[in-house]
Amino acid sequence: MNKSFLTNLIAALITAAGYYFSQPVALYGGLFALSGSLTNLLAVHMLFEKVPGLYGSGVIQARFEAFKLGIKSLMMDQFFTAENMDRFLKKEMSSGATLNLDPVIEQIDFNPTFDGLVEVINNSSFGGMLAMFGGAEALAPLRQPFVEKMKSSVVEITQQDNFRDALKGQLEQPEMVGDIKANIESVIEQRLDELTPELVKEIVQKMIREHLGWLVVWGGVFGGIIGVVSALITG
């Protein structure tokens, strides 16, 4: 049973009990808790899905191109710099071993990509709702899962045959670094063009939906507290 459903179920039961037994504190507490949890549940749903008539919904899909550009920028600006390429190629050419980029990718700092994703969310219609629960700090637990997923995705791209063929095919060229970067950028763009908004949504959704479920829980908790206080004041 997921957190969101359990929170809504408890809030609904408290509301029903408060109404049945004529207990204003329980009624208002449950009603406000249900309102808070349902509102946040809708907000989490709107982050991933486009809801007709609700402006700003479907943030992840709407920022699809920005997400792709972020991946490309990360790989070209942090990994495939002229210095890194030159050092890597000299090592590979002297060793004669099979190209393996995994150890190098492990050293890449993927945190700026996560920061970019958080900035996109904060600047969306979801940002106001997120601010009620700590803003960007509420997404901090997602950083490590996101970084690990990004590393595995980049490793997967570099293991593609066309990527390795393009890299190997340039090793014997006299001015290889510039040519290799151009070829690698072309391969990365080609690979990213295969992504669809739906696939990007699924990638991000798997990483953060479980954690965003806590927004529903805390929406119910704080809504319940507000409801109880309201009942006590008006009573």
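Residues are classed as buried when their relative accessible area is under 20%, as exposed when it is over 50%, and as partly exposed in between, with a 1.4 Å probe and protein chains only. By this criterion, buried residues account for 42% of the 235 residues in the protein chain. The model is a predicted one, in which local features need pLDDT of at least 70 and side-chain atom pairs count only at pLDDT 80 or more, whereas totals for chains, interfaces and linings use all residues. Residues are numbered from 1 along each chain as its sequence is written, and side-chain values use heavy atoms, with hydrogens and water left out.

The protein chain contains twelve helices and zero strands, where helices (H or I, at least four residues) and strands (E, at least two) are DSSP runs numbered from the N terminus. With contact defined as heavy atoms within 4.5 Å, 74% of the contacts between residues at least 6 apart in sequence join residues at least 24 apart. Mean pLDDT, the predictor's confidence in each residue on a scale from 0 to 100, is 78 for the protein chain, and 79% of its residues reach 70 or more. Where pLDDT is low, the predicted coordinates should not be read in detail.

The protein chain exposes about 13,000 Å², of which carbon and sulfur atoms supply 59%; accessible areas come from the Shrake-Rupley method with a 1.4 Å probe, and for residues only the protein chains shown count as cover. A nonpolar patch on the surface is formed by Trp 214, Trp 218, Val 221, Phe 222, Ile 225, Val 229 and Ile 233, with about 700 Å² of accessible area together. Of these residues, Ile 225 is found in helix H12 (residues 197–234) and is partly exposed, at a relative accessible area of 47%.

Four aromatic pairs are counted when rings of Phe, Tyr and Trp (its six-membered ring) are paired if their centres lie within 6.5 Å, planes under 30 degrees apart being stacked, over 60 edge-to-face and the rest tilted. One of them joins Tyr 20 and Phe 21 in an edge-to-face arrangement, 5.0 Å centre to centre with 90° between the planes. Tyr 20 is exposed at 65% relative accessibility, and Phe 21 is likewise exposed, at 55%. Gln 23, in the loop between H1 and helix H2 (24–48), is partly exposed at 44% relative accessibility. Gln 23 and Ala 231 lie 9.6 Å apart in space, C-alpha to C-alpha, although 208 residues separate them in sequence.

Notes. Patches are made of residues with over 30% relative accessible area and no salt bridge: like charges are joined within 9 Å, nonpolar side chains (Val, Leu, Ile, Met, Phe, Trp, Tyr) within 5 Å. A salt bridge is a side-chain nitrogen of Lys or Arg within 4 Å of a carboxyl oxygen of Asp or Glu.
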